[in-house]
Amino acid sequence: MIVTTLNNSEKIAKKIAKEFGCPYSRTKVSAFPDGDLYLKFNSELNKEKLIIVESFQPNSNSALLNVIFAAKTAKDLGAKKVILVVPYLALLRQDKRFNSGECINARIMADLINNSGIDKIITVDPHLHRIEKMNDIFTIQSKNVTANHIIAKFIKRKYRNVAVIGPDWESYQWADEISKEIGVEDTVLEKTRHTSRNVDVEVTKEINIKGKNIVIVDDIISTGNTMIKACQQAKKLGAKTVNAVGVHGLFVEKGYLKMKRAGFDDIVTCNTIEHESNKIDVTEILIEELKKEIPKSK
Ligand code: R5P
């Protein structure tokens, strides 16, 4: 078995290789002078099981293309099985045609992966909303693991006198499960998305926020605007501190800086996308899933 990465997720990949006692070999990905992709495996793949660990951020579109070129090449070179471990699976948020003529990213991304030679995809907390299950779009074996338990453990260890806020209805699946595990109250805000950069949130179910250490939990932090609006609401209601925990910290358009300036006391993410805010390690839950089909040191 060989573990590889293309451009992202090297730290997780190396830990997975170490756990299974197999080599980690980085795949060379660069470009010809005209920008065309150049990709080269640096290990013999014939009859091998290949694990590609590659987050789809930064650069979601090229990450997808690189993974497809890599998987097809691996099969062409004789790899007997290709497993894609994708800590952050992008392109899921455009999961329906909101306006006529639009492309439904989630379906096309899955279709491309289904036909790329990848045998199984494993990901962490994918943004499943209008598409409810991975196998609604994936015809290959698929598995999503959740970071909820390790996030709850982190919050329990780090903060006292907590209440949890989910900034929008889609965050219910994280906010509710995490607050239950910690044994604290939670509320999910109502979000109106005006554009991809402009949102408003409203408290519809009031809980006791005054004097509490508030933890706002969401799957994706992209521009950070959703988190910032939720933070403003929590402060208005008298929160003692306001802390953000995201599974996937994209922090596009200086999102991290904007959140810090908005007065967050703490900003924490899982390491599905490498960033200085990574304080919760998902490697272990990915390894647990991989162990189900790969006996150690094979
Ligand atoms: C959407 O439903 C997600 O759960 C996040 O709330 C959203 O992606 C956050 O985006 P942004 O950080 O740009 O407000």
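If we set aside its neighbours within four places in sequence, Ile151 is in contact with Ile178, Val245, Val247, Cys270 and Ile280. Please keep in mind that this is a predicted model.

So where does Ile151 belong? Ile151 is part of the largest nonpolar core, which has 42 residues. Along with Val3, Ala147, Ile155, Val282 and Leu290, Ile151 touches the most other members of that core.

Now let's move to the ligand. Where does the ligand sit? You'll find the ligand in the largest pocket. Around the ligand there are 15 residues, and those that come nearest are Arg93, Asp218, Asp219, Thr223 and Thr226.

How far is the side chain of Arg93, at an N or O atom, from an oxygen atom of the ligand? That distance is 2.6 Å. For Asp218, a polar side-chain atom lies 2.6 Å from a ligand oxygen atom. With Lys191, an N or O atom of the side chain is 3.1 Å from an oxygen atom of the ligand.

And how much of the ligand does the protein cover? On its own, the ligand has 380 Å² of accessible area, and the protein covers 97% of that.

Technical notes. Residues numbered from 1 in each chain as written. Predicted model: local features only at pLDDT ≥ 70, side-chain atom pairs only at ≥ 80, totals over all residues. Heavy atoms only, no water. Core = buried A, V, L, I, M, F, W, Y, C linked by side-chain atoms within 4.5 Å. Buried < 20%, exposed > 50% of the residue type's maximum accessible area, 1.4 Å probe, protein only. Contact = heavy atoms within 4.5 Å. Near = heavy atom within 4 Å. Polar contact = N/O pair within 3.5 Å; in protein donor to acceptor, adjacent residues only side chain to side chain. Areas by Shrake-Rupley, 256 points an atom, 1.4 Å probe, with all protein chains shown as cover. 1 Å grid on protein atoms, 1.4 Å probe; cavity = no way out; pocket = protein on both sides within 12 Å on 5 of 7 lines; lining within 4 Å. Sits in = over half its atoms within 2 Å of the grid points.
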